[in-house]
Amino acid sequence: MHFDLTDLRLYLNILDTGNITAGAARSHLSLAAASARIRAMEASLGIDFLQRGRRGVTPTPAGKALAHHARLLLQHAERMQQDLAEYAKGVKGQVRLLCNTTAITEHLPEVLADFLCQHPNLDIDLQEMPSLRIVHALRQGAADLGIVSDAVDTHGLVTQPFRDDPLVLIMPPDHPLANAPAPAFGDALPYDFVGLGANSALAVYLEEQALHAGARLSIRIRAEGFDGVMRMVARGAGLAIVPQVAIQRRGTGLPFKCVALKEDWAQRRLLLCARSFDGLPGYAKALLVALRSAGTVLQTSDQA
């Protein structure tokens with residue numbers, strides 16, 4: 001058996017993305033090179049690690065065992081690299097941070113930029129995922145830290161409040177719902193929406209809430225980012241649901257009506273989470289301290 005760290009990272013990236021093509025791209029390998037590495041891994045033991053299907057790949061029982069050991073080995077390798085960084089100039093550590101849509105677009109750009117400037121020997125692997133997938137990845141040891149909605153089950157993880165993240169309904173001023181006293185999510189479902197990209201964590205979350213209400217969102221167009229969504233709503237393209245913080249940042253001058261949603265699922269709070277805060281590597285603990293400070297500062301400024 002001859003597996004190197006690149007093989008193991010590739011294999012885990014394939015499992016995380018659900019297909020070899022996306023896993024190869026995340027590993028910065030060509031599809032041909034990635035496929036050759038996986039075939040060589042399987043041939044070395046004479047067993048299949050992946051079950052190939054029309055919708056992607058899933059791990060076989062042997063593949064699940066490999067994933068467990070691969071995550072442990074890579075974690076130990078990263079911790080070793082961080083410990084040795086003190087003795088070798090130019091050696092960098094890396095923190096893997098998983099976040100939902102609002103956190104990654106609204107709350108973190110300045111915080112993470114400042115952190116990187118203050119820690120030149122650290123890199124951040126930042127990825128957007130739905131909160132449910134984030135907690136699963138953390139339980140599996142596939143990331144150091146996550147920021148998720150408190151709507152998901154976080155058993156087995158430690159959490160800490162990061163900041164409040166309520167969702168609001170926005171609409172053109174002349175929309176039929178604009179004069180309703182307090183339109184609810186159910187009232188909006190018969191109408192057309194402007195949505196985020198289909199793979200956006202918030203888009204997935206809203207689709208789930210619509211299905212729970214017995215309907216589907218009618219998406220006329222999808223925009224990349226809250227700014228595009230709000231500008232389209234202001235021009236009459238449809239309704240949208242966005243975080244309140246997005247409007248506070250850059251939507252106050254646009255001509256649309258904003259209505260607070262009363263449903264419990266819309267009263268979100270973002271949580272910092274990990275398998276163990278105390279057990280984090282030193283570089284991940286440094287990022288945790290920065291995120292804790294940012295969460296406190298942002299909450300205080302909102303109340304001012």
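Student: Is His28 buried or exposed?
Tutor: His28 is exposed, with a relative accessible area of 74%. Buried means under 20% relative accessible area, exposed over 50%, and partly exposed in between (1.4 Å probe, protein chains only). This is a predicted model: local features need pLDDT of at least 70, side-chain atom pairs count only at pLDDT 80 or more, and totals for chains, interfaces and linings use all residues. Residues are numbered from 1 along each chain as its sequence is written, and side-chain values use heavy atoms, without hydrogens and water.

Student: Where is the place of His28?
Tutor: In the loop between helix 2 (20-26) and helix 3 (31-45). Helices (H or I, at least four residues) and strands (E, at least two) are DSSP runs, numbered from the N terminus.

Student: What phi does His28 have?
Tutor: A positive one, about 60°, although His28 is not a glycine. Most residues other than glycine have a negative phi.

Student: And which residue just after helix 10 takes a positive phi?
Tutor: Gly236, at about 95°. Within helix 10 (residues 226-234), the buried residues are Phe226, Gly228, Val229, Met230, Val233 and Ala234.

Student: New topic. What volume does the largest pocket have?
Tutor: About 810 Å³. It has 33 lining residues, and Leu74, Glu78, Gln94, Arg96 and Ala142 are the closest to its centre. On a 1 Å grid over the protein atoms alone, a pocket is an open set of points with protein on both sides within 12 Å along at least five of seven lines; a cavity is a set where a 1.4 Å probe fits but cannot get out; lining residues have an atom within 4 Å of a point. Grid points are joined across faces, edges and corners, and a volume is the space filled by probe spheres set on the points.

Student: What about the second largest pocket, which helix gives the most to its lining?
Tutor: Helix 4, with six residues. The pocket's volume is about 390 Å³. Asp16, Arg71, His136, Ala137 and Gln140 lie nearest its centre, out of 18 lining residues.

Student: How many cavities of 30 Å³ or more are there?
Tutor: One. The largest cavity holds about 130 Å³ of space. Val194, Gly195, Leu196, Leu206 and Ile241 are the closest to its centre, among 15 lining residues.

Student: Which elements give two or more residues to that lining?
Tutor: Strand 7 (192-196), helix 9 (201-212), strand 8 (218-223), helix 10 and strand 9 (240-243).
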